Amino acid sequence: MIKKKIGAVIASALLVTGVSACSGVSAGSQSSEKTITVALPAGYDDSVAVTGLWQELLAERGYKLETKSVDLAAGFSGIARGDLDGYLNAWLPTTHGTFVDKYKDQVEILDKPFFDNDRLVLVAPKSVPENTIADVVKNAEAYDSKIIGIEAGSGEMKILPDVLKKYGAEDKLSIVAGSTPATLAALKDATAKNKPIVATLWTPHWAFASMPIKVLEDNLEGWPKPDGSYVVLSKKFAEKEADVVKWMSNFKITEDQFSSLMLNVSEASSPTEGAKKWLENPENKKAAESWFN
């Protein structure tokens, strides 16, 4: 009886081993997977796309990239303490500068931006006659005397009052804070009905490929100069994960690639599915592979 039980145990073990070998999964592969946790503020579509791309790329190399939904202030504070490993799309030196500068001695900012033309903008439907911010200020009543804004705690919304001051529009256009999804929904509804609307956005963004909107010319240069997109890591993480730091330091993306990545992610069931779709393009795949050389 004992021999039969031992034989059954051995047979069971051999069966599990055989299944593991056939599936290409080795015993203990899950436990050896390294976990990276990064900040991901709600509504930041470019950050969602970049993070989804790295989730897919790092998964191929034995890492599990997890996200924590926090606002930027809490995110950078967590990175400085080492509670979070990083944030993959900090706009510097201006838009997110107020958040990062506070902790610049406690975080690791990679030397070069992976994208160098991030712009804060005001947008309107292509159907409206106004093409500049000054034009909209002159005809503020046609736009219900308001600007539809994104999240109140964002860098763009903190800068916007200074932009309106530059145009002498503080008393002509009120700022309505909300969320990025709500702003995009309002733009979609207004363009479908040919109604005037002015809203905050940024470039690159998938919305320009999916709806008839235009950037209002900043003729008085109220917005700051374009930012670069930087990876910011905790010092603790940067010290122990030199390979990841090296890979992310090689990260470089063009405006067309960034826009198409965002569009793929916006249309997919999840950011990683969108990233997989983006990587099906041979040029994008070749670019991604070069970051790991």
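Author: On a 1 Å grid over the protein atoms alone, a cavity is a set of points where a 1.4 Å probe fits but cannot get out, whereas a pocket is an open set with protein on both sides within 12 Å along at least five of seven lines, and lining residues have an atom within 4 Å of a point. The model is predicted, so local features need pLDDT of at least 70 and side-chain atom pairs count only at pLDDT 80 or more, while totals for chains, interfaces and linings use all residues. Residues are numbered from 1 along each chain as its sequence is written, and side-chain values use heavy atoms, with hydrogens and water left out.

Reader: Which residues line the largest pocket?

Author: The lining consists of Arg119, Leu120, Val121, Val215, Leu216, Asp218, Glu221, Trp223, Pro224, Lys225 and Pro226, around about 220 Å³ of space, a volume being the space filled by probe spheres set on the grid points. Strand E5 (residues 115-125) gives the largest share of this lining, three residues.

Reader: What makes a residue of that lining nonpolar, polar or charged, and how many fall in each class?

Author: Ala, Val, Leu, Ile, Met, Phe, Trp, Tyr, Cys and Pro count as nonpolar, Asp, Glu, Lys and Arg as charged, and the others, Gly among them, as polar; by this rule the lining of the largest pocket has seven nonpolar, no polar and four charged residues.

Reader: Which element gives the most to the lining of the second largest pocket?

Author: Helix H7 does, with three residues, and the elements giving two or more are strand E6 (146-148) and H7 (180-192). The second largest pocket holds about 180 Å³ of space, and its lining divides into eight nonpolar, no polar and four charged residues, including Tyr143, Asp144, Lys146 and Ile148.

Reader: Why is H2 called roughly perpendicular to H12?

Author: Helix H2 (residues 45-59) and helix H12 (residues 271-279) pack at an angle of about 75°, with their axes 8 Å apart. Angles of 65 to 115 degrees count as roughly perpendicular, and therefore H2 is roughly perpendicular to H12. Their contact (heavy atoms within 4.5 Å) involves, among others, Val48, Leu53 and Leu57 of H2 and Pro271, Ala275 and Trp278 of H12, and its residues divide into seven nonpolar, three polar and two charged.

Reader: How do you know whether serine 210 is buried, exposed or partly exposed?

Author: Serine 210, in helix H8 (residues 207-210), has a relative accessible area of 42%. Buried means under 20%, exposed over 50% and partly exposed in between, with a 1.4 Å probe and protein chains only, so serine 210 is partly exposed. Its C-alpha atom is separated by 8.3 Å from that of leucine 263, 53 residues apart along the chain.

Notes
Axes are lines fitted to C-alpha atoms, for helices over the stretch in contact, and angles run from 0 to 180 degrees between N-to-C directions. Helices (H or I, at least four residues) and strands (E, at least two) are DSSP runs, numbered from the N terminus. Angles under 35 degrees count as roughly parallel, over 145 as roughly antiparallel, 65 to 115 as roughly perpendicular and the rest as oblique.
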